[in-house]
Amino acid sequence: MKSFRILIVLVMAAAIGLPAYAEVQSEKTREALRQEFEWLRAEAAATVTIATKTKMNIDDAPSIVSVITEEQIKNSGAKNLSEVLRQVSGFHINSYSAFPDTKVGIRGLSEEVNPGVKIMVNGHSVENVLNDNSGYVPSFPIGLIKKIEIIRGPGSALYGNEAMNGVISIITKDAKDPSAISAGYGSFGTYSGTGQLSYSKDDLNLFLFADHISGDGDPQLIGKDAASVMFPPGFGNAPGYSNEESGYDNVFAKLSYKDFRLTASYVKAKAENPVGITGTLTDKNDVRYEKAFAEAAFERALTEKIRLNVKAYYDYDYDDFSYEMFGARTSSLFGFPKGESVFARIRTKTDKFGADIMTDIDVADSLKMVAGVMSEYSMLYVAKTDANINLTGQTISLDGIPYMPMQYLGAMREQPYETMETGTRAVYAGYVQGTWNIMKAFPSFENIGKNLTLTAGVRDDYYSDSGGTVNPRMGIVYAPNDRLFFKLLYGQAFRAPVYIQMNVKNNATIFGNPDLKPEIVKTSEIQAGVNLTDRITATLNFFNVRKEDAIVLYKGHYENRGEIESQGVEGEIRVSFDKHKYSYFNVTFQKAKDITHDTITDLGGTYYAQEDFDLGSYPQVMANLGVNSDISRYINANVSVNYIGSMERIGKMQFTASETDPDGTVQKTDLRDPVNSYALFNMSLIFHN
């Protein structure tokens, strides 16, 4: 089809020079050429489907959207998905010490295992009912990526759960990509190998992909750890080096025949915690997990104006985490034998089954509708904990012998009480969204501009264990001419509580809450954009985010009691001369604070009402600069700089006992100095023929 259109363009171009054509015909031809080249440009990179589930130009999409192409990823020399996402405006990518995962911060908001961030692979949502998006960012193979479409802001009106802070939609390679094989070796004992196989015949298309990467990582010197603070000198392993070893194996397959598509994915991972789960430096942690999904889909145009998409899917997740909570030196303080450390092993399994039916309807030339329903069923059917210490928080009896909390059990023993209640969750949802092009509906309005589009939608989700939530969205996109465009956006989004937050029990410090309900985010956004030339585009975004009923750990219990506000501005300029010569610069200014206004009380009954305080652990200023150019036909050069401003510690207050005030003196929870600002410089030279 594309070759046919290009042929038509060439024929039109030749026809312009023929004297037999009248002037009016030449005008029509030039207009056809202009429209065709716009289509070619849109097909190359400027179209997205993430905003409306239908294809549209990125400037017209009713969301704040970013696109990263396969060519850009390849040119950057990025080795993993974290390095790719780092270049996105408003994104702060960071690792955390207690688990080998990557934390994706968007607009100052982030948490462990990335709750509130929707991650999709070819439209399939990968979140897990037990631990959100744990492990997906570090384990996803970068060589499988064809394109990434990203929404900064809410997406629950279309995509449901988790789409609060942003949506990351990964589009993979397929049978159109050539077969290939590669291998690599890098510093820190890094080995990698990738192979892909493509086959097409008539209406049958098959794509197979396999990838392996493993390495020792880059150990970091840990001067002080939690044991250094809690226990006397000499009872911890610090100073020492963090553990950074990891290994990931991925297999991916995609089969299509006419209107049918079958996709399957499997990842197996083994990694080390940089430091122990309790924040102490330990070296016997072993984190293993397996994740898999299979999806069958059918897509067909029923009429010229109605398209149907039906899919059914299954997800599987198995986690086997072995944690050395305290090393042998520290464990001696708990009465452990010499050389024995505090150790625990946790195993969980979850299943998810679901189906989704969606219709895309062209109601009129000016109105497009998307509507759908979905049903999903999840279950946690294995939750086992073994430990050599009593972790239940209560006295237990094993073989007739009583053991106090935190007492040595003599060996690894299965805990006598369930640490998490197994259970099931059913989800039902329906959604509808319409995009109305007012200019096409009322041609007389064309004198006020090039484009005026209104998008409105709503989604109703019901969770059998945490209740229902209705989330609307609305967007107005206005372009007075070919150069300028403006977006005014509002959306509400949600995240349902996960099993850990609802069902953890028999724990010494943390208790689940089965009465939790979804947390809600309300976001307002304004974007102003200008196409300075056909090759240069600049945008400026203003955002305000307010999270209500945030799920927080309060006095050892999970509760819906937090309120958080984030606001800021994002600016970006992009220059593109061709697929090899381009550059970008973006900068973000943001401020995120807790506005819950909780009260705390000391032993004497004196209370303090928390004022608005900074969330901490996020940069208030970020900037990215990237330049790419082909030096010659065979050499490509890419340079990028990622700047992260200094990060304040959490501003929350607490009562801390002192010599002058035994009941407690009000001071910050975290008294450490701010994290210094830093810049990452990357340069990549690629040689190819």
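Trainee: Hi! Which side chain meets K593 in a salt bridge?

Mentor: That's D612, with N to O at 3.9 Å. A salt bridge here is a side-chain nitrogen of Lys or Arg within 4 Å of a carboxyl oxygen of Asp or Glu. Before we go on, this is a predicted model, where local features need pLDDT of at least 70 and side-chain atom pairs count only at pLDDT 80 or more, while totals for chains, interfaces and linings use all residues. Residues are numbered from 1 along each chain as its sequence is written, and side-chain values use heavy atoms, with hydrogens and water left out.

Trainee: Where do K593 and D612 sit?

Mentor: K593 is in strand β31 (residues 582-594), and D612 is in the loop between β33 (607-609) and β34 (613-614). The pair links distant parts of the chain, 19 residues apart. Strands (E, at least two residues) and helices (H or I, at least four) are DSSP runs, numbered from the N terminus.

Trainee: What does D286 pair with?

Mentor: D286 forms a salt bridge with K270, and their closest N and O atoms are 3.6 Å apart. D286 lies in strand β17 (residues 286-301) and K270 in strand β16 (residues 260-271), so the bridge ties together parts 16 residues apart in sequence. D286 is buried, at 18% relative accessible area, and K270 is partly exposed, at 34%.

Trainee: Which residues are linked in a network of salt bridges?

Mentor: K522, R546, E548, E563 and E565.

Trainee: Changing topic: how many helices and strands does the protein have?

Mentor: Ten helices and 39 strands. The radius of gyration, taken over C-alpha atoms, is 27 Å, close to the 26 Å from the globule rule for 689 residues, so the protein is as compact as a globular protein of that length. That rule is 2.2 Å times the number of residues to the power 0.38. Along the principal axes, the C-alpha atoms fill a box of roughly 100 × 55 × 45 Å.

Trainee: What share of the residues is buried?

Mentor: Buried residues make up 48% of the 689.

Trainee: One more: what does S640 touch?

Mentor: Leaving out residues up to four places away in sequence, S640 touches Y584, L625, G626, L680, F681 and N682. Contact means heavy atoms within 4.5 Å. S640 is found in strand β36 (residues 635-644) and counts as buried at 17% relative accessibility.

Trainee: Across the protein, what share of contacts joins residues at least 24 apart?

Mentor: Among contacts between residues at least 6 apart in sequence, it's 63%.

Definitions and conventions
Buried < 20%, exposed > 50% of the residue type's maximum accessible area, 1.4 Å probe, protein only.
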